[in-house]
Amino acid sequence: MLQKEARLPVRLRFLLQHICLYPSFFRIIQKEDRPLDNKTPAVKMRNITKRFGPVVANDKVWLDIYRGEILALLGENGSGKTTLMNMLSGIYFPDEGEISIDGRPVVIRSPKDAFDLGIGMIHQHFKLVDVLTAAENIVLGLPGKLDLKKAAARIREICSAYGFEVNPEQKIYDMSVSQKQTVEIVKVLYRGADILILDEPTAVLTPQETDKLFAVLRNMRDDGKAIVIITHKMHEVEDLSDRVAILRHGQFIGDMPTAKTNAQEMTNMMVGHAVELNINRPEPKDPKPRIVVKNLTVRSIDGILKLDDVSFTANSGEILGIAGISGCGQKELLESIAGLQPVEGGSIEYIEDDGTPEQLLGKDPLSIQQMGVSLSFVPEDRLGMGLVGNMDLSDNMMLRSFRRGRSLFTDRKSPRKLAETVVHDLDVVTPGISTPVRRLSGGNVQKVLVGREIASAPTVLLTAYAVRGLDINSSYTIYDLINKQKESGVAVIYVGEDLDVLLELADRILVLCGGKVSGIVPGRGAKKRDVGLMMTQLGGKTNG
Ligand SMILES: Nc1ncnc2c1ncn2[C@@H]1O[C@H](COP(=O)(O)OP(=O)(O)OP(=O)(O)O)[C@@H](O)[C@H]1O
Ligand SMILES: [Mg+2]
């Protein structure tokens with residue numbers, strides 16, 4: 001019945017879509033194309049609308065989620081992915097629309113309702129109690145008598161069924177980010193979830209941890225669970241998902257089998273127009289030493305060697321990429337240069353324009369900042385460093401002192417103007433610059449942070465995980481901005497997780513392994529495999 005009605009408009013729309021709006025075409029095709037095996041979706045969302053004041057976060061969205069399938073939910077920052085999933089997990093209630101589970105209409109008013117329906121969501125920000133153990137967190141809030149022994153046994157069962165590694169007795173504060181995430185997943189499985197939603201689960205994981213997570217997700221899919229993953233990383237979408245669904249500006253644009261599409265097409269659909277997915281690498285112009293690090297040694301408060309005799313030079317007009325697995329000293333390296341890290345030995349010199357070296361060790365962060373060293377560090381908790389959630393965009397701009405000088409933004413501007421420029425240049429999705437930062441979607445918060453740091457007209461830009469959580473289009477915007485900084489003579493030190501990007505963007509790559517310099521290689525012509533090896537074992541040529 002439905003299909004008959006749809007047939008005529010399909011042809012008509014086919015023509016129209018081909019002219020300009022081709023993405024909606026996929027939606028029609030997909031509906032016609034879907035195997036008519038009468039498979040009932042585990043979740044059916046129809047005409048779901050959610051508004052936050054003037055913002056329409058979801059606009060009449062249709063979405064089907066199937067068991068035995070991994071669905072990647074894609075969309076630019078602020079396109080409404082988290083909001084849509086929050087309505088399944090009982091955090092928000094739709095203004096309009098219907099939800100059915102296994103063909104049965106349901107009303108989900110609370111996270112408990114969601115759990116009762118077998119829906120579990122792993123959020124971007126974990127919700128665990130630090131001082132409790134894994135097992136205590138997992139059973140927290142469950143009705144009935146607390147039997148931790150029984151719980152631990154059940155947790156072990158779940159872990160061995162899917163390949164998790166969790167020690168039920170371990171305290172959360174003793175855990176790595178990836179272990180905490182595992183606890184979150186086990187927690188929802190423990191409560192019987194068979195529809196799992198993961199909101200950007202890999203944003204804070206190393207490539208190795210991501211592989212482990214994906215293996216577990218595949219096991220769960222093969223076990224018949226319905227899985228939704230939100231991610232901005234196209235290679236993950238291609239590697240893991242069976243189907244993709246795309247949102248744009250709160251609207252459902254289309255869905256299709258992953259095997260029938262590619263990164264370019266998905267990006268175009270997300271953005272609404274063709275996007276070029278190439279990173280430029282202009283030749284450095286007149287590079288001169290700007291930061292000279294010699295024999296830098298840093299220990300953590302508990303005495304662990306974090307940086308071991310690290311020496312290198314960062315030049316003006318050049319991007320020095322830092323590669324390394326998580327925790328191998330990148331953070332300490334950037335923080336040492338920025339004056340935020342106690343240093344045990346060595347020296348860090350800032351070379352003035354006239355060639356005069358200035359020792360940065362012993363200087364406080366403010367005076368280092370005033371010399372032109374700007375640190376844009378995107379931490380695991382995006383609102384934890386540098387931005388204040390309750391303040392609006394414009395006030396957040398003021399949390400920094402601005403200097404005159406080479407800048408993307410030509411003049412020293414008032415915070416309001418600056419906020420407007422950042423919003424415009426980085427396409428920040430926000431109702432206005434008076435909106436508190438905490439109301440923005442994760443990726444948009446980050447654009448504000450990076451935009452502000454770049455706007456401070458640095459001579460040295462230290463950036464860590466600049467594109468973490470950013471959609472693909474915004475990531476390329478950031479690469480462009482970083483390149484512009486380089487071309488205007490800034491010495492950029494870029495710590496990144498994505499080796500493919502480092503290999504395309506950086507002029508030289510310094511590889512860290514366990515706090516030591518494993519090698520420095522030219523970015524042009526470097527092989528991913530070689531750099532990967534240097535990340536895990538010391539060795540390699542030092543050319544720089
Ligand atoms: N609690 C809230 N109050 C006001 N506006 C909100 C709230 N939650 C989300 N929004 C707005 O709704 C829109 C969709 O946000 P959402 O977090 O769903 O985006 P997203 O697709 O998950 O983005 P990202 O990829 O950056 O995480 C954004 O414009 C956001 O600013
Ligand atoms: Mg989100």
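**Exercise 1. Find the residue of S4 that Met45 stands opposite.**

Solution. Met45 faces Ile99 in S4. Next, place the strands: S1 covers residues 43-52 and S4 covers residues 96-101. They pair in the antiparallel sense over five bridges. Strands here are DSSP runs of E, at least two residues, and helices are runs of H or I, at least four, numbered from the N terminus. Pairing requires at least two DSSP bridges between two strands. This is a predicted model: local features need pLDDT of at least 70, side-chain atom pairs count only at pLDDT 80 or more, and totals for chains, interfaces and linings use all residues. Residues are numbered from 1 along each chain as its sequence is written, while chains are lettered from A and ligands numbered from 1 in the order in which they are written.

**Exercise 2. Order the strands of the open sheet and name its edges.**

Solution. The order is S2-S1-S4-S5, with antiparallel pairing. Strand S2 (55-65) and strand S5 (104-106) are the edges, each pairing on one side only.

**Exercise 3. Locate ligand 1 between domains.**

Solution. Start with the 19 residues around ligand 1: Asn77, Thr82, Thr83, Ser441 and Gly443 come nearest (C-beta atom, placed from the backbone, within 6 Å). Then take the elements: S2, helix H2 (81-88) and helix H14 (442-455) each supply at least two shell residues. Finally, domain 1 (2-117 + 240-271) and domain 3 (390-456) both contribute to the shell, so ligand 1 lies between them. The domain bounds come from an automatic or database domain assignment.
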